[in-house]
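Look at the model, then read on.

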Amino acid sequence: MPSSLLLIALLIAAAAFFSVAEFSLASSRRLKLQQLADEGEKRAGLVLAVQASPGYYFTVVQIGVNAIAILGGIVGEGALTPLFNDLLSGLVDPSRARDLALGLSFGSITLAFILFSDLLPKRLSLNEPEPMALRVIGPMLMLVALLKPLAWALSGLTELLIRLMGRPAGRDERVTHHDILALTEAGKQSGMVAAEEQQLITNVFELDTRTVESVMTARDSIVYFSLDEEEAQLRARIKETPHSTYLVCDGEIDRVVGYVDATDMFQRVLRGEAVDLRAQGLVKKVLIVPDRLTLSEVLMQFRQALEDFAVIVNEYSLVVGVITLNDVMSTVMGSLVASNVEEQIVRRDDGSFLADGITPVNDVSRALLLDDWPYAGQYDTLAGFLMVMLRRIPRRTDQVEWGGWRFEVVDVDSHRVDQVLITRVVKTP
């Protein structure tokens with residue numbers, strides 16, 4: 001019995017080694033391994049090379065695991081049977097004692113294998129994948145070299161079966177923005193990433209999906225100058241609605257001439273010169289962009305044109321709004337720089353929400369934890385969602401139900417959806 005127990009202990013240790021080799025390699029993070037390799041850890045480079053082509057490695061692991069399982073079954077079947085038989089012989093009849101002893105021996109060996117060669121090494125490998133992978137990579141590469149002919153044959157058959165199934169033969173190592181967002185979400189839950197930082201990263205990736213219409217100053221809110229306006233009218237307009245930049249039009253808003261910087265006008269006043277929009281150099285050429293551009297695309301246009309102000313037009317060349325670089329960056333920074341700005345969607349004490357009609361759909365999604373929206377891509381704001389769902393201009397008391405929520409229009413101002421009450425739909429039994 002002592003020799004059998006020693007052999008079982010060796011088999012358990014070998015099985016634990018293969019469990020660590022398998023799970024540590026699969027769980028090791030490439031970025032962490034690359035960092036270790038850059039710091040001079042040669043074993044990290046070996047692990048990275050195996051991760052890039054793990055076929056032979058995992059084949060040897062499976063050869064070892066299955067061989068140990070078969071040997072463990074052969075050796076462990078009667079390893080502890082004599083001991084349990086002696087303990088039970090005085091308590092039950094001999095034939096029943098042998099059966100019970102065999103069952104107890106099998107159960108004890110099985111539990112030992114499960115605990116010491118499966119659960120414990122796998123838990124250690126998941127908790128510290130990179131250090132564990134570095135410890136076993138050397139011996140595993142020696143085994144791979146020793147068993148390479150057998151591993152080559154089995155790996156070839158496995159790859160052939162995978163291709164016949166139409167599945168990819170290798171692991172996709174591309175890091176998508178979904179992977180990054182998942183990591184930041186995990187970091188937020190663990191306390192390593194602040195909620196504001198996680199939201200900032202999320203906002204950056206939304207630049208590729210949100211259109212300029214979601215953050216622009218809408219047409220009816222644009223303050224613009226006409227070329228023919230007198231200086232007194234310009235001064236009064238600036239006093240009533242102060243901005244850093246003003247659109248300049250020829251009579252009407254759709255006949256855009258350019259834009260004027262309030263700083264330039266102020267300098268002319270200090271120099272004692274008349275503020276005349278027709279003066280040379282005062283009105284600058286304005287950047288005009290289509291209304292379906294994403295925020296990422298308009299940022300690129302700002303950089304190429306060396307501008308921070310643009311007019312947004314639709315397919316009929318009608319002005320629908322204006323956008324500034326500050327509008328885009330405020331969207332990215334969120335509450336970090338706009339804490340004093342009134343929120344567009346507010347949670348009430350009863351769990352419902354009160355939202356402005358121009359609230360971007362992405363912000364509504366985060367508040368309501370909704371992922372899928374109907375007719376996605378046809379609208380950018382909550383008001384647009386209601387228009388698409390109702391197929392008409394929303395009126396007060398209009399309601400739309402979607403995703404377990406009821407969207408009720410509570411205020412409309414000149415065909416503009418001003419306030420929307422969002423409540424959870426209570427299903428009656």
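Q: Why is Phe 18 called buried?
A: The relative accessible area of Phe 18 is 9%. Buried means under 20%, exposed over 50%, and partly exposed in between, with a 1.4 Å probe and protein chains only. So Phe 18 counts as buried.

Q: What is the source of these values, and how are residues numbered?
A: This is a predicted model, where local features need pLDDT of at least 70, side-chain atom pairs count only at pLDDT 80 or more, and totals for chains, interfaces and linings use all residues. Residues are numbered from 1 along each chain as its sequence is written, and side-chain values use heavy atoms, leaving out hydrogens and water.

Q: What makes Phe 17 partly exposed?
A: Phe 17 has a relative accessible area of 23%. That value falls in the in-between range, so the label is partly exposed.

Q: Why are the rings of Phe 17 and Phe 18 called an edge-to-face pair?
A: Their centres lie 5.4 Å apart and their planes meet at 70°. Rings of Phe, Tyr and Trp (its six-membered ring) pair if their centres lie within 6.5 Å; planes under 30 degrees apart are stacked, over 60 edge-to-face, the rest tilted. The structure holds 9 aromatic pairs.

Q: What makes Phe 353 and Trp 405 an edge-to-face pair?
A: The distance is 5.9 Å centre to centre, with 65° between the planes. Both residues are buried.

Q: How do you know that this pair links distant parts of the chain?
A: Phe 353 is in strand β9 (residues 353-356) and Trp 405 in strand β11 (residues 405-413), 52 residues apart. Strands (E, at least two residues) and helices (H or I, at least four) are DSSP runs, numbered from the N terminus. The protein chain has 16 helices and 12 strands.

Q: Which residues form one aromatic cluster?
A: The cluster consists of Trp 373, Tyr 379, Phe 385 and Phe 407.

Q: Why is Leu 369 called exposed?
A: Its relative accessible area is 71%. The cut-off is passed, so Leu 369 is exposed. Leu 369 lies in the loop between α15 (361-368) and α16 (382-390).

Q: What makes the phi of Leu 369 worth a look?
A: Most residues other than glycine have a negative phi. Leu 369 is not a glycine, yet its phi is positive, about 60°.

Q: Why is Thr 397 called exposed?
A: Thr 397 has a relative accessible area of 54%, so exposed is the label. Thr 397 also has a positive phi, about 80°, and lies in the loop between α16 and β10 (399-402).
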